[in-house]
Amino acid sequence: MSGELEVVRVSGIKWLRDLHQLERIIFGKNAYGLSTLASLLESSNAMTVAAEIDGSLIGYATGTIDNGLGHVVSVGVLEEYRGRGIGRKLMMSLENLLCLHFKPRAFVLEVDVANGSAIRFYEGLNYRIVDKIADYYGKGIHAYLMSKEATCL
Ligand SMILES: CC(C)(COP(=O)(O)OP(=O)(O)OC[C@H]1O[C@@H](n2cnc3c(N)ncnc32)[C@H](O)[C@@H]1OP(=O)(O)O)[C@@H](O)C(=O)NCCC(=O)NCCS
């Protein structure tokens with residue numbers, strides 16, 4: 001990897017265009033729309049972190065606090081930068097920020113049951129499958145609910 005990796009907190013509407021572009025490259029037709037991303041960037045109940053190399057956005061993670069639970073809403077890294085520990089760094093940074101600001105009792109997330117690589121990624125971060133949610137992403141597209149205890153200092 002050439003260039004230096006930086007993981008930074010991002011907030012506010014000025015990040016919307018770049019984040020939306022990244023989201024569309026990573027998630028294609030399943031990408032969050034502008035309005036969802038805008039509310040995540042502007043909400044006082046949400047935290048977003050971005051990975052940059054030489055000032056270029058190459059990954060991001062975002063999450064919210066919801067009834068005392070830290071909810072990981074999305075994490076993604078550009079394909080050519082995967083497998084280098086960047087997703088893990090983003091998740092750890094997001095969890096730390098959610099801890100710092102909200103002291104959640106646990107972290108939760110939903111993942112497509114067919115997304116085996118993401119499930120293994122989350123398991124490597126100590127998330128465990130706790131439930132299956134039928135039709136979460138649309139008819140016939142089910143999700144696992146994964147969770148782990150938050151050990152905020
Ligand atoms: C899931 C995703 C964010 C992982 O990012 P990444 O930067 O490649 O992950 P890392 O390199 O930090 O990997 C961390 C750990 O996850 C595991 N992992 C990551 N990708 C994996 C894969 N394809 N298969 C198996 N394990 C995998 C590895 O075990 C790795 O552990 P290690 O440190 O012992 O090697 C990335 O693959 C991605 O953006 N996928 C598309 C979007 C997506 O599916 N997001 C999640 C659903 S919202």
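Asn126 is exposed, with 12 other C-beta atoms within 10 Å. Asn126 is found in the loop between H4 and strand E6 (128-133). Its phi is near 75°, a positive value in a residue other than glycine.

Before going on, some ground rules. This is a predicted model, where local features need pLDDT of at least 70, side-chain atom pairs count only at pLDDT 80 or more, and totals for chains, interfaces and linings use all residues. Residues are numbered from 1 along each chain as its sequence is written. Helices (H or I, at least four residues) and strands (E, at least two) are DSSP runs, numbered from the N terminus.

Asp54 sits in the loop between E2 and E3. There Asp54 is exposed, with 10 other C-beta atoms within 10 Å.

Now the core. A nonpolar core here is a set of buried Ala, Val, Leu, Ile, Met, Phe, Trp, Tyr and Cys residues joined through C-beta atoms within 7 Å. The largest one has 26 residues, and those that touch the most other members are Ala51, Tyr60, Ala61, Leu90, Leu94 and Leu109. Two or more residues each come from helix H1 (16-27), helix H2 (34-42), strand E2 (46-53), strand E3 (56-66), strand E4 (69-77), helix H3 (86-102), strand E5 (106-112) and strand E7 (143-149). The largest share of this core, five residues, is from H3.

What does Leu109 contact, leaving aside its neighbours within four places in sequence? The partners are His71, Val72, Tyr122, Tyr127 and Met146. Contact means that the two C-beta atoms, placed from the backbone, lie within 7 Å.

Next, H1. At 1.5 Å a residue, its 12 residues should span 16 Å, and the end C-alpha atoms are 16 Å apart, which agrees. The expected span is 1.5 Å times one less than the number of residues. Leu19, Leu22 and Glu23 are the buried residues of H1. They cover an arc of only 100° around the axis, so they are on the same side of H1. That arc is taken from the directions from the helix axis to the C-beta atoms. These buried residues pack against H2 and E3. On the other side of H1, Arg17 and Gln21 are exposed. Just after the helix, Gly28 takes a positive phi of about 55°.

Further along, Gly33 lies in the loop between H1 and H2. Gly33 counts as exposed, with 10 C-beta neighbours inside 10 Å. From Gly33 to His20 there are 13 residues in sequence and 7.3 Å in space, C-alpha to C-alpha.

A residue is near a molecule if its C-beta atom, placed from the backbone, lies within 6 Å of it. There are 19 residues around the ligand, of which Arg82, Gly87, Arg88, Ser117 and Phe121 come nearest. E4, H3 and helix H4 (116-124) each give two or more residues to this shell. H4 gives the most, with five residues. By type, the shell divides into seven nonpolar, eight polar and four charged residues.

Not counting residues up to four places away in sequence, Pro104 touches Ile65, Gly68, Leu69, Gly70, Leu98, Cys99 and Ala150. Pro104 and Ala150 are 46 residues apart in sequence, and 6.4 Å separates their C-alpha atoms.

Asp112 is in strand E5. Asp112 counts as partly exposed, with 15 C-beta neighbours inside 10 Å. Apart from neighbours within four places in sequence, Asp112 is in contact with Tyr137, Ile141 and Ala143.

Last, Glu6 has its place in strand E1 (residues 5-10). Glu6 is exposed, with 12 other C-beta atoms within 10 Å. Its C-alpha atom is 11 Å from that of Tyr60, 54 residues away along the chain.

Technical notes
Buried ≥ 20, exposed ≤ 12 C-beta atoms within 10 Å, placed from the backbone. Nonpolar A, V, L, I, M, F, W, Y, C, P; charged D, E, K, R; others polar.
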